Each structure stands twice: as C-alpha cells, then as structure tokens.
Amino acid sequence: MIKKVLVIDDNEQDRKIAERYLKKSGYSEIVMAINGQEGLSKVNSENPGLVILDTMLPDIVGFEVCQKIKESKGPQAPLIIMMTGAVDAVDAVRARQSGADDYCVKTADGGPLLAALKNISEKDIGPQT
Amino acid sequence: MEQAKINIIIIGAGEKTKALLELLHSHNTVRILGVVDKDSSAIGIKCAQKLGIPTAGDYREFLARNEQVEIIDLSESKEAREELGRLSNGNTKVLDSRASIIGILLQELNDKTSELEKIRAELDIQSWGLKKTNEGIRTLYKELEKKNEELSKLDQLKSDFLSTVSHELRTPLATIKETVLQIRDGLLGPTTPRQQEFLSMCIDNTERLRRIIDNLLDLSKIEAGKTELKRKLTDIMSLVKRTCMTFSSKLSSKGLEIKINFSPEAAEVYLDEDKIIQVLNNLIGNSVKFTKQGFIGISVIDKGDFIECSVSDTGKGIREEDLERLFSKFQQFGQAADPEEKGTGLGLAISKGIVELHRGKIWAESKLGQGTRFIFTLPKYNPRQVLKERITDSLRAGLRTQELISVLIFELSGFSALEERLGRQKVVSFLDDLAKMLQEELPSRERMIVEADAMFSMLKETTKAQALSLKDRLLSCASEFLKKKRAG
C-alpha cells in the first residue's frame with residue numbers, strides 16, 4: 001500500500017502539476033526533491049512507495065537516479081514513474097532498462113500522469129483512502 | 001535423390017528431451033521414431049504429443065528388425081544405460097547424455113535458448129518503449145491541437161476587439177477635429193494668431209491619430225480576412241508612374257532624385273488599384289522619410305509569370321537582424337527625420353497583408369549605410385485563374401459566414417454580342433469549359449445537381465427532391481430580384 005510519494009523534478013511548475021494530480025488520485029503525503037542528489041537521499045530518509053521522476057535533472061541523469069534507487073533498494077524499491085518533457089523512443093527504452101515501472105509525457109492537463117497512476121494503483125493496492 | 005534419414009529414438013522425457021525435440025523435429029535428415037518414458041505425463045512426452053511424434057512406455061515398440069536406429073538415452077538412469085548398452089550392434093547405435101556430442105548439442109541448445117530469451121526481453125522493452133512513446137506523441141499532438149484551437153479563437157477575439165475599438169474611436173475623433181477646425185477658422189468668434197497656431201497643432205495631431213486608427217483598422221481587417229479586394233485589370237506601369245508623381249514636390253524639396261527603371265512593354269495585372277497604391281505610398285514614403293541625400297530608385301520589371309516592383313533608396317539602411325522583424329506590427333527602426341512624419345509602425349505590416357492578398361511576396365534587402373531595397377511581386381493572371389479565384393473566394397466567404405444557403409449567381413452579359421463575334425461554336429465550347437471549371441471548383445461534386453442551365457450544390461442533409469423544390473423557389477426569388485434590380 002503506497003503511503004508516500006516522492007516527486008523529483010527541477011521545474012517548480014512541473015512539481016506543482018504533479019502534486020495536484022497526485023492529490024487528485026488520492027495520494028496525500030507528497031515529498032519534493034529538486035535534483036537527483038536530493039532525490040536519492042530522500043528515497044532513503046522518507047522511504048516513499050512511489051517516485052515520480054523527471055528524465056532531465058540538473059545534476060544526475062534521471063535514468064541513473066532510477067537505476068540507483070532500484071539497485072540500492074532491491075525488492076523493497078519504490079515504484080517509479082518517469083516523466084519527460086521531450087518524448088523519445090530511445091529515452092523510453094532507457095527508462096525501462098533503468099527499471100522504471102512506467103514512462104509518460106508531461107502535459108498541462110496531467111492526463112498521462114493520471115493514467116500512469118491508475119495503472120500503478122491497479123498493480124499495487126493503491127493509495128490509502 | 002532424397003537424403004537417407006537417420007532414425008532416432010529418445011529415451012527419457014525431461015527438459016533436455018523437450019529442447020532436443022524442438023531442435024530436431026523439423027530437421028529433414030532426422031526422423032524421430034518415438035519418445036520413451038514410463039511417466040506418460042512427463043514434459044518431453046507432452047511436447048512430443050504436441051509435435052505429433054509417437055510416444056511409448058517401452059523403447060522396444062519402436063525397434064524394427066532391419067532398420068538403422070540411433071537411440072539417444074537422456075534418462076540418466078543406470079539400469080536403462082546398462083540395458084541399452086547390450087543393444088548396441090550393427091543396426092542399433094546407443095548414445096547417452098555422457099556422449100560428448102550430445103553434451104555439446106545440449107549445451108549449445110541451452111545457450112541458444114537463454115540468448116533468445118535475452119533478445120525477447122530486450123524486444124519487449126523496446127516495444128514497451130515504442131508504445132509509451134506513441135502514447136506520449138498522441139497526447140502531445142492532441143494537446144497541440146487544443147492549444148491551436150484556443151489560440152485561433154483568441155486571435156479572432158483580438159481582431160474583433162480591435163475593429164470594434166477602432167470604429168468607436170473614429171467617430172468622436174471626427175467630431176473633435178471638426179470642432180477645433182471651426183474654432184481655428186474663426187467660425188465661432190475671433191481667435192488670436194497664437195491661439196490659431198496651437199489649434200493647428202491640435203488638428204495635426206488629431207490627423208495623426210486618425211491615420212493610426214485607420215491603419216489599425218486596415219490591419220485588423222486584413223488579419224481577420226475581411227479585406228475584400230476590388231480587383232480589375234490594371235496597367236501596373238502607369239499606376240506606379242502616377243503614384244511617383246504625387247511624391248514629386250516632396251522629393252524636390254528634400255533635393256532627392258528619382259530614378260525609374262521600367263520594362264518596355266505595358267503589363268496588365270489583376271489588382272486592387274487603391275490597395276496597391278497604398279503599398280507603393282508606404283514604401284516610397286518610407287524611403288523618402290529615411291533618405292537625406294541621394295536618390296530613390298523605382299523599378300517595375302516583367303518577369304514572365306509575375307511583375308516585380310521595387311523601391312530602393314540611398315538611406316542609412318537596416319541592420320540584418322532587424323530585417324525579419326520589419327514586417328511585424330508596431331516595429332519601428334530609426335527615427336524619422338521630421339517628427340511630423342512619425343509613422344505608426346503598421347505600414348509595412350499592412351503592405352505585406354495587401355501583397356499577400358494579391359498572392360504576391362514582399363521582402364527587403366539592405367546594407368547598413370548603403371541603403372535599402374523593398375521588393376514585392378504580383379502574379380500575372382489569365383482569365384481562367386481570375387474566374388477560378390472568384391469562385392473559391394465566394395465559396396470561402398459563404399463557408400465563413402456559415403449561412404445555410406449560399407447562392408452563387410453567374411451572369412453572362414452580352415451573350416449575343418459574344419456569339420456574333422466569336423461564332424456559336426466557340427461560345428458553346430467556352431460555356432462548356434466554364435461549366436467544367438465550376439464543377440471542379442465547387443466542393444463535393446457528388447452532391448451536385450447539374451441541369452442544362454444551372455448547377456446546384458446540395459447540403460448533406462438535403463434529399464434531391466427537397467433540393468429541387470428549393471431550387472425552384474430560389475430561382476423564382478432570384479429572377480424576381482434581378483428583374484427589380486434591372487428596373488431600378
């Protein structure tokens with residue numbers, strides 16, 4: 001059961017959009033990180049059940065962050081949805097290879113994120129209501 | 001000649017057997033006589049059954065007397081090995097899993113399988129990535145479409161706003177100007193010369209304001225696609241000459257020379273005279289405004305399919321990075337020599353709109369310190385193209401207003417005179433040509449009713465009978481209208 005969600009994105013606008021749609025999907029505990037380093041340390045300290053991860057971060061490439069999370073946490077690793085502003089087939093494949101559970105494009109209406117969250121909640125037991 | 005097949009019997013039915021069966025069953029030099037295992041539900045037995053290979057609990061079932069047989073023992077049982085070992089003779093060869101060739105084969109098989117699995121996993125990831133990307137692109141495309149729609153709505157709103165506001169501004173301005181004029185000219189009592197001077201200033205500025213509003217109105221009309229060209233065939237040379245004349249006093253007062261370069265033959269272009277004069281006035285006016293000394297060059301060259309007009313000057317020129325913004329709204333570069341001639345920043349945007357409405361192009365070339373050259377082209381038209389354009393324009397106008405019924409009336413005047421001059425044959429073929437062209441240009445040909453004297457395009461929801469009865473009513477209305485018009 002996912003309780004906590006960590007959003008790793010350097011763009012404030014994108015973090016806000018993600019937060020809004022996470023709340024809309026019933027996730028109440030949301031933690032933010034503005035770069036890969038902060039994201040990695042918060043994965044350890046906050047222990048989220050789900051991570052929303054931007055592909056392009058200022059310090060570490062998103063795919064690397066994804067891989068590090070999955071490797072360090074093993075079977076206890078959180079689910080990871082990678083989000084991108086520039087959709088690209090090579091990136092999508094890289095995301096999957098890095099262990100991402102889903103890959104979606106950023107839009108203002110958050111449609112793809114909502115769909116990905118719905119997929120995740122079907123996989124998981126979903127957020128606590 | 002068919003190659004002799006090797007007959008084999010496989011003993012034991014585990015994973016290895018299954019792999020071997022999959023590898024060998026379609027091989028054309030191998031005939032698998034059967035698979036043997038006491039456990040009839042073993043994985044290798046199942047596999048053999050699926051592949052249509054006989055199975056049994058005892059190998060003896062597959063041994064015929066005079067047949068070369070190779071028995072492959074994969075059972076890994078000691079008893080089986082010992083028993084089978086005794087079988088080895090001229091006709092029967094027994095290999096077991098310890099035989100090096102079998103070991104290599106099985107190892108190879110294992111490697112291949114795991115490699116295949118790796119490739120399949122990789123392919124799965126690739127296809128997952130592609131699927132996700134496609135989803136993303138589709139979403140983005142939809143978003144783009146939505147944004148585009150919103151933008152064009154906003155643009156329309158802006159144009160509507162601009163034209164409304166401009167109209168509202170024009171009326172009071174006319175009143176102000178008229179009032180001030182009357183005061184200045186002493187119609188409302190005596191004024192001192194100093195007062196008159198100030199009032200004149202007031203009038204000049206009102207005039208400037210009116211020019212700006214007119215320009216805004218022109219531009220908003222062009223942008224809203226509401227500008228209609230009143231075109232006719234015009235001699236472009238004489239039009240340019242006439243426009244140049246209006247600048248002669250200004251040119252001589254600034255001591256500028258005018259150099260003219262025209263193609264020798266007169267060229268007729270299908271254009272809106274007032275609008276093209278507006279473009280020329282703007283271009284020549286700009287050149288005069290920004291040129292302190294030297295000359296203004298004007299040329300009209302016949303380039304075959306189109307006419308190229310250009311206005312060049314020896315002014316201070318425009319920086320290269322400014323050239324592309326030149327035709328955008330509210331762009332002004334450089335200060336006019338005379339503050340009273342301050343422009344509105346709209347002239348070139350309007351000129352561009354007008355030239356493009358004529359399906360021409362406009363651009364500028366310039367070198368800083370050496371001068372600027374503005375060039376615009378106007379395509380030449382043949383009558384067929386003119387007619388074609390008129391039809392598509394009226395159709396588009398009809399679509400834009402979204403009126404339920406649009407009637408296109410084609411009136412051919414002077415028919416008998418034409419017949420007399422050209423001969424009946426030519427007139428008939430011309431009419432046929434015309435009808436064909438109309439049919440080509442009008443949308444959804446299958447929804448057309450073509451009669452001897454008329455053609456009608458139907459709306460989607462209308463049946464042919466409805467359309468015909470409507471046609472009769474329309475025709476009687478139209479002929480009534482035309483009769484009245486002629487009488488009046």
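**Entry 1. Helix 4 of chain A**

I began with helix 4 of chain A (residues 89-97), where the buried residues are Asp91(A), Ala92(A), Val93(A) and Ala95(A). I took buried to mean under 20% relative accessible area, exposed over 50%, and partly exposed in between, with a 1.4 Å probe and protein chains only. Helices are DSSP runs of H or I with at least four residues, strands are runs of E with at least two, and both are numbered from the N terminus.

The model is predicted: local features need pLDDT of at least 70, side-chain atom pairs count only at pLDDT 80 or more, and totals for chains, interfaces and linings use all residues. Residues are numbered from 1 along each chain as its sequence is written, chains are lettered from A and ligands numbered from 1 in the order in which they are written, and side-chain values use heavy atoms, with hydrogens and water left out.

I then looked at the two ends of the helix. At the start of helix 4 of chain A, a side-chain oxygen of Asp88(A) comes to within 2.7 Å of the backbone nitrogen of Val90(A).

**Entry 2. Chain A as a whole**

I recorded 5 helices and 5 strands in chain A. Along the sequence, their pattern is β-α-β-α-β-α-β-α-β-α.

How much of chain A is buried? Of its 129 residues, 50% are buried. Chain A exposes about 6,000 Å², with 48% of it supplied by carbon and sulfur atoms; accessible areas come from the Shrake-Rupley method with a 1.4 Å probe, and for residues only the protein chains shown count as cover.

I also looked up contacts, meaning heavy atoms within 4.5 Å. Among the contacts in chain A with a separation of 6 or more, residues 24 or more positions apart account for 62%.

**Entry 3. Where chain B meets chain A**

The contact takes 16 residues from chain A and 14 residues from chain B. The two chains bury about 1,200 Å² between them, 70% of it on carbon and sulfur atoms. Buried area is the accessible area (1.4 Å probe) that two parts lose on being put together, summed over both.

Which residues of chain B lose the most area to chain A? They are Ile125(B), Trp128(B) and Lys132(B), which together make up 40% of what that side buries.

I found 1 salt bridge across this interface, a salt bridge being a side-chain nitrogen of Lys or Arg within 4 Å of a carboxyl oxygen of Asp or Glu. Lys132(B) forms a salt bridge with Asp102(A), and their closest N and O atoms are 2.5 Å apart. The side of chain B that touches chain A has 5 nonpolar, 5 polar and 4 charged residues. Here Ala, Val, Leu, Ile, Met, Phe, Trp, Tyr, Cys and Pro count as nonpolar, Asp, Glu, Lys and Arg as charged, and the others, Gly among them, as polar.

**Entry 4. Salt bridges within the chains**

My search of the whole structure gave 27 salt bridges over all chains. Side chains of opposite charge can pair when their charged atoms come close.

In chain A, Lys16(A) pairs with Glu12(A) in a salt bridge, with the closest N and O atoms 3.4 Å apart. Both lie in helix 1 (residues 12-24) of chain A, 4 residues apart, about one turn of the helix. Lys16(A) is partly exposed at 46% relative accessible area, and Glu12(A) is partly exposed at 48%.

In chain B, Asp155(B) forms a salt bridge with Lys158(B), the closest N and O atoms being 3.5 Å apart. Asp155(B) is partly exposed at 40% relative accessibility, as is Lys158(B) at 33%.

A further salt bridge in chain B joins Arg373(B) and Glu308(B), whose closest N and O atoms are 3.7 Å apart. Arg373(B) lies in strand 12 (residues 371-379) of chain B and Glu308(B) in strand 10 (residues 306-313) of chain B, so the pair ties together parts 65 residues apart in sequence. Arg373(B) is partly exposed at 28% relative accessible area, whereas Glu308(B) is buried at 12%.

Key: Polar contact = N/O pair within 3.5 Å; in protein donor to acceptor, adjacent residues only side chain to side chain.
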